[in-house]
Amino acid sequence: MNETTVPSPEKPAEPPDQRRKTGQKAGVELLIHFHIVAKNARLYETNNTLFQEQVRALFDFLDVFFKGQQEASFEVRHSSLFFNGVRLKFGLASYPIFKFIFEEFRIRDIGALSFRPGLTPEELGRFIAAFGKKGKSAELPFDRLTADLDAAGVENVRLQKVLDAETFSSLHRDTARIFFLSIVHLKEAFERDQKDEKLTLNTTRRLMQSIFNHLVDNESFMVGLTNLKNFDDYTLNHSVNVCVLALALGRRLGLSHGELVDLGLAAFFHDLGKLDTPIEILNKPAALNDEERGIIERHPHQGAEKLLHLREFSRLPLRAIHVALEHHIKEDLSGYPRYFKRRDINFFSKIVKIVDFFDAVTSKRVYRADAFSRAQALSLMLENSGTEFNSLILKSFVHLMGVFPIGTFVALDTGELGIVFDANPETRFLLRPKVKLITDAEGKRIDGDIVDLAEADPQTGAFPRTIVKTLDPATYGIEVTDYFLAEAQ
Amino acid sequence: MDLKTRQGSLSSGDNRIIDAKAFDKAGDIVRHMANTVSSLKLFPADHATVGRFVDGLADKLKSYLDLYGKLEIGINEFSFMYAGRILYTDETMIKSLPLFFFKDGLQILYFYQGLDRTEIADFLDIVRRESQKPAEDSDIVTALWKEDFANIQYYAPDDYLENRIAAERGGGEFAFGRTSLPAELEQEIIEIKVDTSKFTTGKIELIGADREAIRKHDVVAEPNILNVLPSYAEGTGAEESSESGRSPAASMDPMLNDAEIGELEELIRTNRTIVPDEEFLDLMVEILFLEEDIGHFSTTLDLLLEYYFDQVQHGGFGMAILFIEKITEIRDHFALPNPEKTGRLNDFLKKTTGAKTLDAARQLVGSGQPVAWEGLTRLLRLLGGPALPLAADFYDSVSDPDARRKILDVIVAGTSGDSGFLIGLAGDERPLLSKDIIGLLRKEKGKKALSHFTQFLRFRNKEIKLAAVEALGDFTDELANHVLMGFLEDGDEDVRIQAALRLNPVEEQSRIRRLIRETRSKAFRGKSAREITVILNYLGRTKTPEATAFLKKTLLKKAFLPSAHNLAMRLGSVAGMESLGTEEAKKALESGTRTGKKAVREACALALARLAAGPTGIPGEKAS
């Protein structure tokens, strides 16, 4: 590949704000074009008319863009995507393309990609074809791709390998450590609260950042870990799960870093009030009587009061108190507690309500032998959309979790059984997640590969594997989380 | 930008060959950064010195980044590093910039091309703010994370956090900046061990129901989930076009259409505009409402009371009002069902409207800080009568006319238009308010309002007295004259003169006689010619025979020994005669033109000339 330097274009300096706006707009538009073309490169031959039209559309965009700029460059830097030096911010709607581009860069070890003037439609087509080609797992993806591009005579598209600091290796182990560290830290916080000692909120804030960073780098694995229930103590494990899921959802919704820290903190402490609920009631292996239910239903109020009377109250986001108090209030304001005057619940409470319910009903408890599967839980929640849950946030949550949420135990049409390890962000492939195979076609247990159900046979165009049934892992003695944790060893 | 070049300069770790020029430039940058941070601690951010430092740093960074694309600064306990070599050292515990970053686990700072002055200034501001916070509140990493700079990134490894959590859990001393976890703690905290042998052991036999369902292919996914995926399809790309009509943004998200995305974004926006204090109060009211334990109820009220006074002390008067209103509301709600709670709420309300609130407001205004008068006056109005003296004090200390108007409204509303209460707020130390109260009484014009003017006779402040005198001039009631006569006794000549000028010429014989009597008194002899003139002029205006006779006698009186007083009396009587303006008065004035005293002759001639010309106002003096 050509490595000569293209000098920066001589043009009047644009004000920084304007430059950012222009860069953001152009970058997202180019990303959308690139996203469509790259997706279709997997499905079509290069002589397909639709594919060629889309390549042409991408080329036309670049052609116009090059009239004012000397290059169009995407760069991944510290989990952010930059376009010509301007950091691109994703919104609620553009999240899937950002996820797509990060994933495409990650699997190919690409740190940066730039298009240069001089590019022809044919050269662009050759690049896209090479980019869309799947390699063998043993190959070094970046080296293979650059070799293919050299062979195809692609000179005006440059790639840069990901820098050391941006590599994605060892992520699972680090992610798992943060997950368990969160449980340890929450346990410590609960104990401090019981002893009336100060909480270490600065540490909690740092923890929220780390969880978020791991979600950015390794979302599916982190979400997969929330399949873990009842580690140490149910409330601790549940609170961390709620925190992780709330942060993942908040990120999807485009919340700022500052908001995410507050949301994470609020979710983390949402069940603090349960410390005052007698353990024999929390773990009663039978239906609760009215009095016991009354005691359970006091925990949101007790949690809010606990937070209110913390010595560090002034350093706590107010929304943490909202969430503690409101996470059992339904969208139609029924549920508990019943408000005196307020006619709405806080936005963060709406988020936590959803993830709290989801995690709770998918957990097996002493009083509930059969937990809902993740998919069943989402389905149940959708039945109550608008009355119990905010319908828009719930939709976003369903999208985050997917048709077959991460951790779902599935049977494939091949006879193989597997566990969903990652959702496919593309709309058309929502039924085709990535699945770790745990048995062969005869049911013999194997430590199989993670297969992408969206990958079609290049010869026939048919999909080799399709999910035909979700199964209850408990029925088969499968510990779903073990498969995730094994990745972290 | 050449990507390969950038990569080459960045990623070779400690073994990289150091470009001496780059090293020097980086050193210059960090030294300048340390100096800039020092200047920020000494001067306000908008100070010219700070501005020069920031400009200098921006220039140096730009120059470096234009050449190398990225600057990576390693952070050790007391040093900044560049490519593994010490770049800058400061071992002063208090002010060491490397230590400031290091203590929170920050290991590398990255500056990227594209960095502009605004971003640098924001970065420095964060450093300044965090360095000024108490240690337990400060965390530069959290602050940088929240700010989420585009071109300034950092590396703070999870190991640091792990160490911190371990130390907090172990109760041991937390060594800041330490990133390696002690082995014993590492084992204690996190041990991820999964027996993977079970993954490859045995076989899974599907149960009958599952086998049957799979055979029939009757359950693929939860239908409810599929229902919210309207554009779900599993095909070959033709569905791209089926999304036509949706915006590019919406087409990226199968779950939400444009309207829904708009609605959700509006929810997020609204969440960002919530006023935290109002939310807090709303929430507290709900918590109080839900509280069943009277002890907790009281504790929460105590917390609220603290918050209330904090609001008042910091000028959050709008919030303070909301506090009182909301607590009143919940008090009314509890009035019947829960007398105990009602009692606590009443106590709370009593405290919020008591002297402490007034003192806090007084202190705030006295401190010279900007005051939200709209809120404060609303609060004072809500506090009612006890707040009126404070409002009255504020009135004279405020220069903003709009604020004064608001305070006066509070006062008027607080006294319910009762002039007795109103006059009670006037005082020598409150001249502006007193004058405005006089203005209000003047507008009232009734006898009741007039009766309160006697209060001003005791005032020492000349301005107030003059205003009262002037207002009294508007009244035609005899009572006004009575008060004005009182002002004729005032110690200040100007007040006396103005009072005399405003005396109404009514035929009140006893008053005229009294005045005539007083002209002979020793005290009257001490009065100035000007005062004598206005008093005699008043006598003339009464047009009474007694006054006429007195003035005539005085005008034509020949003294044995000429004296200034005598002359003043004669000249004053000229003015009186002129005011009288009758034929008898003119004759007297003509006689005066023949008198031996030149000044008197001339005054009489002028008076006659003016009388011939027609009325021109009060002779000898003009009301000020």
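## Chain A: burial and make-up

In chain A, 63% of the 489 residues are buried (under 20% relative accessible area with a 1.4 Å probe, protein chains only; over 50% is exposed and the range between is partly exposed). This is a predicted model: local features need pLDDT of at least 70, side-chain atom pairs count only at pLDDT 80 or more, and totals for chains, interfaces and linings use all residues. Residues are numbered from 1 along each chain as its sequence is written, chains are lettered from A and ligands numbered from 1 in the order in which they are written, and side-chain values use heavy atoms, with hydrogens and water left out.

Chain A holds 17 helices and 10 strands. Both are DSSP runs numbered from the N terminus: helices are H or I with at least four residues, strands are E with at least two. Take the contacts in chain A between residues at least 6 apart in sequence: 67% of them join residues at least 24 apart. A contact means heavy atoms within 4.5 Å. Accessible areas come from the Shrake-Rupley method with a 1.4 Å probe; for residues, only the protein chains shown count as cover.

## Chain A: loop residues

Thr277(A) sits in the loop between α9 (257-268) and α10 (279-282). Its relative accessible area is 5%, so Thr277(A) is buried. Neighbours within four places in sequence aside, Thr277(A) contacts Leu282(A), Ile295(A), Ile296(A), His299(A) and Gln302(A).

Most residues other than glycine have a negative phi, and most peptide bonds are trans. Asn84(A) is not a glycine, yet its phi is positive, about 45°. Asn84(A) lies in the loop between β2 (80-83) and β3 (86-88). With 17% relative accessibility, Asn84(A) counts as buried. The peptide bond between Tyr336(A) and Pro337(A) is cis, with omega about -5°. Pro337(A) belongs to the loop between α13 (318-326) and α14 (347-361).

## Chain B: overall figures

Chain B has 34 helices and five strands. Of its 624 residues, 48% are buried. Among contacts in chain B with a separation of 6 or more, 64% link residues 24 or more positions apart. Chain B exposes about 29600 Å², with 52% of it from carbon and sulfur atoms.

## Chain B: loop residues

Ala83(B) is not a glycine but has a positive phi of about 50°. Its place is the loop between β2 (79-82) and β3 (85-89) of chain B. Ala83(B) is buried, at a relative accessible area of 10%.

Gly105(B) is in the loop between α4 (97-102) and β4 (108-112) of chain B. Its relative accessible area is 0%, so Gly105(B) is buried. Gly105(B) and Glu77(B) are 28 residues apart along the chain, and their C-alpha atoms are separated by 9.7 Å.

Two packed helices are described by the angle between their axes and the distance between the axes. Here axes are lines fitted to C-alpha atoms, for helices over the stretch in contact, and angles run from 0 to 180 degrees between N-to-C directions.

Helices α15 (residues 294-313) and α16 (residues 317-334) of chain B pack at about 155°, with axes 8 Å apart. They are therefore roughly antiparallel (over 145 degrees; under 35 is roughly parallel, 65 to 115 roughly perpendicular and the rest oblique). Their crossing is left-handed: the near helix is turned anticlockwise from the far one by less than a right angle, whereas clockwise is right-handed. Among the contact residues are Phe297(B), Leu304(B) and Tyr307(B) of α15(B) and Phe317(B), Met319(B) and Phe323(B) of α16(B). By class, this contact has 12 nonpolar, one polar and no charged residues. Nonpolar covers Ala, Val, Leu, Ile, Met, Phe, Trp, Tyr, Cys and Pro; charged covers Asp, Glu, Lys and Arg; the others, Gly among them, are polar.

The axes of α30 (residues 529-542) and α32 (residues 564-580) of chain B come within 7 Å and cross at roughly 35°. That crossing is right-handed. Contact residues include Ile532(B), Leu536(B) and Arg541(B) of α30(B) and Ala568(B), Gly572(B) and Gly576(B) of α32(B). The contact has seven nonpolar, eight polar and one charged residues.

## Chain B: helix α20

In α20 (residues 388-397) of chain B, the residues Leu388(B), Leu390(B), Ala391(B), Ala392(B), Phe394(B) and Tyr395(B) are buried. They pack against α18 (355-366), α19 (373-383), α21 (401-414), α22 (419-425) and α23 (431-444) of chain B.
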